[in-house]
Amino acid sequence: MRIACIGGGPAGLYFAILMKARDPAHEVTVFERNRPGVTYGWGVVFWDDLVEQLQASDPATASEIGASSLRWNGQLLAVEGKPPVHMGGHGYGIGRQRLLDILVERATGLGVRVEFDSEIEDAARLSDADLIVACDGVNSRLRELRREQFQTDVVAGGNKYIWLGTSRVFGAFTFAFVHTDAGWIWCHAYGFDASTSTFIAECSPETWTGLGFDRLGEAETLRLLEQIFERHLEGNPLKSKARAQGGTAWLNFRTVTNEKWHTDNIVLMGDTAHTTHFTIGSGTRLALEDAIALAARLQKETPLPTALERYENKRRSALLRTQSDARLSSRWFESVPRYIDLDPPEVFALLRERRSPLLPRVPPRTYYRLYRTTQRNAALRKLRRWVAPAVKSLYS
Ligand SMILES: Cc1cc2nc3c(=O)[nH]c(=O)nc-3n(C[C@H](O)[C@H](O)[C@H](O)COP(=O)(O)OP(=O)(O)OC[C@H]3O[C@@H](n4cnc5c(N)ncnc54)[C@H](O)[C@@H]3O)c2cc1C
């Protein structure tokens, strides 16, 4: 089979690896518009469930990813003027660039052609491909050219965010909320290697214009954020990737959905097919899971349309829960004033409950009391686990 993947992100590269590893006779080419070593963003988080899936699909990649990740321990909530709150849990961070380097090395080692500096404007150039995988990300050009066929919907979130890095290595996943004259602004920060952390700043559009970010250039933006988060950065600078290198600027998160995921021999994968708000840290995992599912279907099914249809059905239903979680999570952060004046342990509990469809519908204190009662009672906890999926599907 001749396969062309448009976009050398996690989705395209991992799919190429799986196809080539299963059958070296496949001719697989990944077209990536950037040069090697250039990408957007900083580190991404993931959890043990992803490690297990990668281990089962391609152990060589899984162990490289494991060895290049940094484990963060616990979560920390710091609301200005109040004592910080710590909670348990752990996860991992890995630099996006490191992840891509691992995938490129494995792919080329297997015989995949990875063509950098290769921007694909349309599928017409790829007429000899049996399968074209559109994995060119959230702003996919291939998808936009067929917007009506895919019935694409893109919804922009209300808040502004900027994805930065810093040399302060946060050992715990940290949410720090700072009050300014223009309102609340906060960061999501976690270490992803021995010398770098992801630092995402987020605020409402009113706070953003109130602080003057709409009028500041990149350097001034970084200086102002360094001042605002001085205590949390402990004197370390913030770093931005210049626009020319794949771009970092203030954005509104774009939630992408498609009614159809394939047409003719073109199929959507990863962020091209769906995005989920960054506050649930799942986009990379979902992109890799798409790759696993599509490769598995292509191995099992012929003809091609049947394989693509089954891939689409499987992934669409698998995504429903995460998409609902993502919508609710972004809504929580768009409603920060609703929660932030509660006591920090209450804020933290409700932050961790942000995927609940009931939370936006019940006064926060009442929800917190219900939550505490349930937590203290084993039978209620069990009942909740049983009822929760039904409640979720009712309100999603
Ligand atoms: C602020 C933020 C934080 C995030 N944090 C996390 C996290 O913690 N955990 C997590 O799992 N996910 C996270 N994500 C989501 C994650 O980054 C994406 O879901 C993931 O990168 C999707 O992978 P992909 O391969 O589908 O797309 P991408 O990684 O976007 O790759 C697409 C590739 O296609 C290339 N391309 C684009 N157009 C063309 C073209 N015309 N021709 C050729 N190449 C092209 C691009 O250069 C890019 O390399 C975060 C996202 C954001 C915005």
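A cavity is a set of points, on a 1 Å grid over the protein atoms alone, where a 1.4 Å probe fits but cannot get out. Grid points are joined across faces, edges and corners, and a volume is the space filled by probe spheres set on the points.

This is a predicted model: local features need pLDDT of at least 70, side-chain atom pairs count only at pLDDT 80 or more, and totals for chains, interfaces and linings use all residues. Residues are numbered from 1 along each chain as its sequence is written, and side-chain values use heavy atoms, without hydrogens or water.

The structure holds one cavity of 30 Å³ or more. The largest cavity has a volume of about 60 Å³. Its lining residues (an atom within 4 Å of a point) include F46, L50, I65, I94 and R285. Helices (H or I, at least four residues) and strands (E, at least two) are DSSP runs, numbered from the N terminus. The lining has nine nonpolar, one polar and one charged residues.

Now follow α10 to its packing with α1. Helix α1 (residues 10–22) and α10 pack at about 30°, their axes 8 Å apart. That makes α1 roughly parallel to α10 (angles under 35 degrees). Axes are lines fitted to C-alpha atoms over the stretch in contact, and angles run from 0 to 180 degrees between N-to-C directions.

In α1, the residues that meet α10 include Y14, F15 and R22. In α10, their partners include T284, L288 and Q299. Contact means heavy atoms within 4.5 Å. By class, this contact has 14 nonpolar, two polar and one charged residues. Ala, Val, Leu, Ile, Met, Phe, Trp, Tyr, Cys and Pro count as nonpolar, Asp, Glu, Lys and Arg as charged, and the others, Gly among them, as polar.

Definitions and conventions:
On a 1 Å grid over the protein atoms alone, a cavity is a set of points where a 1.4 Å probe fits but cannot get out, and a pocket is an open set with protein on both sides within 12 Å along at least five of seven lines; lining residues have an atom within 4 Å of a point. Angles under 35 degrees count as roughly parallel, over 145 as roughly antiparallel, 65 to 115 as roughly perpendicular and the rest as oblique.
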